[in-house]
Amino acid sequence: MKLLHIDSSIAGVGSVTRELSAEIVALLKGADKSWNVIYRDLVAEPLSHLTGGYLAALQGAPADQAVQADVGAGLAVMEDFLAADVIVIGAPMYNFGVPSQLKAWTGRLAVRGKTFSYGEHGPVGLCKGKKVIVASARGGIFSAGSPLAALDHQESYLLSFFGFLGIAEISFVRAEGVALGPVVRAKAIAAAKEHAAKLAA
Ligand SMILES: Cc1cc2nc3c(=O)[nH]c(=O)nc-3n(C[C@H](O)[C@H](O)[C@H](O)COP(=O)(O)O)c2cc1C
């Protein structure tokens with residue numbers, strides 16, 4: 001079984017999502033030693049924004065060396081994703097959405113004919129059967145029913161994106177309110193770790 005582990009927080013030590021994503025992967029590996037893990041740190045090795053040259057090259061247009069290298073980088077992340085049974089993603093909320101590094105990664109995954117297609121009745125996700133676990137952290141509280149819930153474009157984006165690709169099983173291991181003081185932060189992280197342990201079991 002293949003596990004793809006992605007991190008996207010710009011914080012190093014002290015990152016909540018990095019701590020949680022590592023914990024989830026460790027728990028999964030603890031439960032089953034046969035996991036083959038591929039790790040990608042989108043901050044240490046960022047993908048570039050999509051470009052017109054990249055899109056044209058995907059459709060067969062001639063590409064210079066820089067575009068060819070960019071297409072190669074995109075194909076590499078696509079292959080890791082397509083091969084994975086489970087994808088664990090460290091995804092902080094930045095400015096109500098996901099980090100631009102993570103957005104650059106999803107941009108390389110949404111490729112017609114590879115991860116989705118269009119049928120008579122609309123889009124069809126081609127990635128059925130994969131599982132996604134998102135290690136989510138945010139400074140405030142945005143979960144369903146809270147006054148700021150409508151401002152969540154982080155988890156809601158990931159839910160929509162992977163749903164579009166046909167992935168129905170997406171779980172959020174969430175630490176929220178981490179900016180509301182050390183007590184709330186510690187409780188949020190502990191609750192997230194408890195949730196992670198339940199998921200891994
Ligand atoms: C650039 C930046 C933007 C942020 N934007 C938001 C935000 O819009 N809403 C929020 O509740 N918290 C926001 N935060 C707080 C983070 O979501 C919180 O610190 C979280 O722990 C970040 O994940 P990390 O610890 O893995 O880096 C922001 C933090 C940073 C660094």
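A residue counts as near a molecule when one of its heavy atoms lies within 4 Å of it. By that criterion, 16 residues surround the ligand, and the closest are Ser9, Ser15, Thr17, Met93 and Gly140.

Some words on the source. This is a predicted model, in which local features need pLDDT of at least 70 and side-chain atom pairs count only at pLDDT 80 or more, while totals for chains, interfaces and linings use all residues. Residues are numbered from 1 along each chain as its sequence is written, and side-chain values use heavy atoms, with hydrogens and water left out.

Let us turn to the polar contacts, meaning pairs of N or O atoms within 3.5 Å. A side-chain N or O atom of Thr17 is 2.5 Å from an oxygen atom of the ligand. A polar backbone atom of Met93 is 2.7 Å from a ligand oxygen atom, and a backbone N or O atom of Gly139 lies 3.0 Å from a ligand nitrogen atom. On its own the ligand has 620 Å² of accessible area, of which the protein covers 72%; such areas come from the Shrake-Rupley method with a 1.4 Å probe.

Which elements each supply at least two residues of the shell around the ligand? They are helix 1 (16–31) and strand 6 (131–138), where helices (H or I, at least four residues) and strands (E, at least two) are DSSP runs numbered from the N terminus.

Conventions: Polar contact = N/O pair within 3.5 Å; in protein donor to acceptor, adjacent residues only side chain to side chain.
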